[in-house]
Amino acid sequence: MRLSLFLLCFLISATALGQPWQRVVISEFGGIDTLQVVTEQTLPQPAAGEVRVRVLTASASFTDIMVRKGLYPGVTSEPPFPPGYDMVGVVDALGPGVEGLTPGDRVADMTISGAYSEYMLLPADNLVPVPDGLDDQEAVALILSYVTAYQMLHRVARVQPGQHVLIHGASGAVGTAMAQLGRVSGLTMYGTASAGKHDYLRSQGVIPIDYRSEDFVTRIEELTDGRGVDAAFDAISADNFARSYESLSDDGHLVTYGFYSASLAGDSMLDTGLEFLQWRWQNFRWTHWPEAQKRAEFYSIQDYRAAEPMHFKDDLSALFELLAEDNLQPTIYRTLPLVQAAEAHRLIESGEVRGKIVLRVSD
């Protein structure tokens with residue numbers, strides 16, 4: 001009897017080890033066609049302190065596009081590897097020494113890369129429990145975009161109720177997150193977007209500015225009676241940073257967190273992009289820093305998490321609580337199966353996305 005049970009367990013284990021599973025990898029840095037679906041035959045085994053997670057959902061983000069193009073400084077891996085900045089999944093197997101988790105637990109993590117994969121190994125200490133009752137598509141939408149918005153608002157700019165803020169790219173994933181969090185915090189919000197997205201911004205409580213037909217510096221001056229905004233959040237370009245700086249009040253705070261325009265540049269940017277972007281940012285700071293009352297700083301969610309890991313866990317848990325209380329309504333623009341990751345990237349690069357694209361990785 002014992003031998004039969006042993007053989008049954010061995011067969012189940014062997015079947016699991018040989019279970020085919022899929023992931024989407026970047027074959028080389030470059031365009032959308034570098035995303036390839038790969039089938040693996042052997043499940044990875046967790047080492048000490050690790051957990052194997054079956055990924056349920058991953059978000060498709062603009063950061064993933066920067067990773068795909070080789071422009072994201074936080075990823076040092078060489079292709080082939082899967083992108084995927086965040087995920088919600090189910091604990092599938094525990095490595096030696098892991099405590100406090102059991103198979104079947106739902107967890108979330110900011111993976112930086114790797115989440116475009118049905119299975120992945122993650123450090124157990126990084127995982128954040130996902131409360132029962134939360135939709136896994138809405139939950140994954142909070143990890144990168146909402147934590148970014150939450151930390152820029154409350155840990156960097158330290159906004160207060162009644163203050164005025166400017167949000168660039170206000171219809172995108174981070175812009176939508178900031179609008180909803182700003183509404184909860186009692187902020188007056190102005191947001192740049194193309195005219196076709198203005199009704200959407202109004203529905204989020206944001207006063208729209210058409211960046212194509214209006215000068216946002218002039219509009220902010222008009223809308224604030226010449227005072228300027230208390231904080232501006234900008235991920236467009238170094239040139240845009242300088243104009244956002246002009247939009248600040250005398251003691252305003254500019255928070256920059258990306259280089260949208262540069263990441264859409266041609267192939268020539270792929271080789272020299274990071275050095276160029278870093279030079280532009282330093283040049284910007286040197287040019288404007290003498291205005292001591294105004295502040296300008298660059299925010300990176302990855303660097304901030306490395307410096308303050310408990311803040312990330314606390315902030316994501318706080319966001320899960322706000323979601324459970326219906327104080328947040330993540331805008332899911334579209335849910336696509338993992339094998340359509342390339343289509344997700346195409347949609348994001350087209351500029352037509354309002355909110356978040358979620359990849360359904362497994363059920």
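Select residues 1–16 of this predicted model. The pLDDT stays under 50 over this stretch, and the model gives residues 1–16 one contact beyond four places in sequence. Next, select residues 266–277, where the pLDDT is again below 50. This second stretch has twelve contacts in the model beyond near neighbours in sequence. Where pLDDT is low, the predicted coordinates should not be read in detail.

Six strands make up an open sheet with parallel pairing, and its order is S10-S9-S8-S11-S12-S13. Select 206–210 (strand S10) and 295–298 (strand S13) to find the edges. Each of these two strands has a single partner, so one side of each is left without a neighbour in the sheet. Looking across the sheet, neighbouring strands are turned by 20° against each other on average, direction ignored.

For one strand pair, select residues 164–167 (strand S8) together with residues 188–193 (strand S9). Four bridges join S8 and S9 in the parallel sense. Within this pair, centre on Ile 167, which stands opposite Gly 191 in S9.

Residues 173–184 are helix H4, which lies across S8, S9, S10 and strand S11 (229–234). Helix H4 runs at about 165° to S9. Then select residues 238–246, helix H7, which also packs on the sheet. Helix H7 touches S8, S11, strand S12 (248–256) and S13, and its direction makes about 150° with that of S12.

How values were computed:
Residues are numbered from 1 along each chain as its sequence is written. This is a predicted model: local features need pLDDT of at least 70, side-chain atom pairs count only at pLDDT 80 or more; totals for chains, interfaces and linings use all residues. Side-chain values use heavy atoms; hydrogens and water are left out. pLDDT is the predictor's confidence in each residue, from 0 to 100. Contact means heavy atoms within 4.5 Å. Two strands pair if DSSP finds at least two bridges between them. Axes are lines fitted to C-alpha atoms, for helices over the stretch in contact, and angles run from 0 to 180 degrees between N-to-C directions.
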